[in-house]
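User: Please pick one part of this model and go through it closely. Then set it against its surroundings.

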Amino acid sequence: MDAFLKGTKRKLSAVEESSLDDDNESTDVKLAILSSLHSNASQEVLLEALLAHDGSVKAASASLAEDRSGSPKKQRTSATIGHQTSLRLFASKSSSEERPVSPKKARPLSKKGATLHLYDPEDIAEHTPCSIIHNFLPQDVANDLLKELLEEANTFEKISFKLFDNVVQSDHTSTFYVGSEAEINTQKHDYFYNGARMTNVRRITPQLLRVRPRVQEAVNKEIQTRIKTRYPGGQKLKHQSLDPWSPNCAFVNCYDGPQENVGYHSDQMTYLGPRAIIGSLSLGVAREFRVRRVMPKDPESNGTDDPDSEGQIAIHLPHNSLLVMHAEMQEEWKHSIAPAQAIDPHPIAGRRRINITYRDYKKMFHARHTPRCKCGIPSVLRVVQKKKENLGKYFWMCHGGNVPGKDNCSFFQWADFDDDGNPSWDKARYKKATPRSGSISSSSV
Ligand SMILES: O=C(O)CCC(=O)C(=O)O
Ligand SMILES: [Fe+2]
């Protein structure tokens, strides 16, 4: 998982109205400001509000004030899963065949500060960067996989990741599965996540292996449907790979009880390449997956843009559903698993939800090929999401500073991929260099 948001440390100054928009403040300062404005709220609630509003103290504060005034539409935690309904019931004419457009062009239905709940696969495909298949596996296959992973999950670990300036533990547990003993070794030695090596890597289990071809086939079909019906001109996106999606590893998460959650983030593209596609299978307790578009900042706006101006969309993920995160997801949207107020216990899993994200680690993005920073470790691949000037440009940067007690070496380099996402060091496949001029400091991304 990627680091969520970042800020540079500065000494706490007086709490002023003007500091509400200061993106450079550290989390501690932001929390202190929020705490002074909402003295009854716990640190946890304040941090959640800050996360939900992309680090904007002003937006977080407004939403906390609204919560306090009892507005029902501003619930931070989700209630138990609702009924299957479709937005199409309310629309006069809405069919994906009639309108082959990118979701970018579709009128946003979600509104600032509100959550739009979607259940229907067509609604989800139309309004989010995802598609979903309900009742994906034959019942016995889904149950066998669930039972196997519940057993595995007894020894999963919490992972540390960087949230603003603080390294925190996510409260849910997870483990990473790869294909062979040799791959376990390379994962443990060559690959870096949040500036450090991963220790908890396991060999893929029989049931994960059994299900993989079905996921592969379904995701490749969904990708083609997406391209034909949703992308401009029926063409794949720029930097999207031409290769069929071929998952070779799986990240498995376990959420035990309604409160275990994961905050808004984009997944790391470092070893998947740009326009990464992920097949995400949900088993056990149904939970809410939330997505929201990352809104770029207009340099003219003097920081008055609201990152939450489109609101968020909740996709309900019942047992045995396959969610495909399509090529626009990691660059243009963020996602989270929201804490729930209540859950419906599952007959096999009880309070637990298992999530498997099948991923396609690309050969040419192996950590031995990707640029190294001055710390001597493979750098992290990111994309400009906020500043309009360089929006959508990819870059490599040092993530060594995510390790407690270590600093970033400030390595920064624009990434160079061709239209099909091949990196420039892949001499056999890379087609044309995209001209990039001038040098730029990481502060302008
Ligand atoms: O649990 C889920 O459905 C999503 C998990 C996730 O976002 C991740 O592993 O990066
Ligand atoms: Fe994720």
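Analyst: A residue counts as buried if 20 or more other C-beta atoms, placed from the backbone, lie within 10 Å of its own; 12 or fewer makes it exposed, and anything in between partly exposed. Helices (H or I, at least four residues) and strands (E, at least two) are DSSP runs, numbered from the N terminus. The model is predicted: local features need pLDDT of at least 70 and side-chain atom pairs 80 or more, while totals for chains, interfaces and linings use all residues. Residues are numbered from 1 along each chain as written, with chains lettered from A and ligands numbered from 1 in written order.

Now the neighbours. Strands pair if DSSP finds at least two bridges between them. S15 pairs with strand S8 (residues 249-256) in the antiparallel sense, over eight bridges. Within that pairing, Ala250 has Tyr358 as its bridge partner. Strand S10 (residues 278-284) also runs antiparallel to S15, joined to it by six bridges. There, Leu283 stands opposite Ile354.

Ile354 leads on to the core. A nonpolar core is a set of buried Ala, Val, Leu, Ile, Met, Phe, Trp, Tyr and Cys residues joined through C-beta atoms within 7 Å. The largest one has 73 residues. Ile354 is among the members that touch the most others, along with Cys130, Ile277, Ile315 and Leu323. Take Cys130, with contact meaning C-beta atoms within 7 Å. Leaving out residues up to four places away in sequence, Cys130 touches Ile124, Val291, Ile315, Leu323, Val324, Met325, His326 and Met329. Another core lies apart from the largest one. That other core has six residues, including Ala49, Ala52, Ala60 and Tyr264.

S14 (residues 333-337) runs antiparallel to S9 and is joined to it by two bridges. Val262 has Ile337 as its partner in S14. Strand S11 (residues 287-293) is also antiparallel to S14, through five bridges. Here Arg293 is partnered by Trp333. These strands belong to an open sheet of five, ordered S1-S12-S11-S14-S9, with mixed pairing. Its edges are S1 (115-118) and S9 (262-265), each of which pairs on one side only.

Ala142, Leu145, Leu146, Leu149 and Ala153 are buried in H5. They cover an arc of only 100 degrees around the axis, so they sit on the same side of H5. The arc is taken from the directions between the helix axis and the C-beta atoms. On the other side, Asp140 and Glu151 are exposed.

Finally, the whole chain. It has eight helices and 18 strands. Of its 445 residues, 42% are buried. Among contacts with a separation of 6 or more, 73% join residues 24 or more positions apart.

Note on methods: Two residues are in contact if their C-beta atoms, placed from the backbone, lie within 7 Å.
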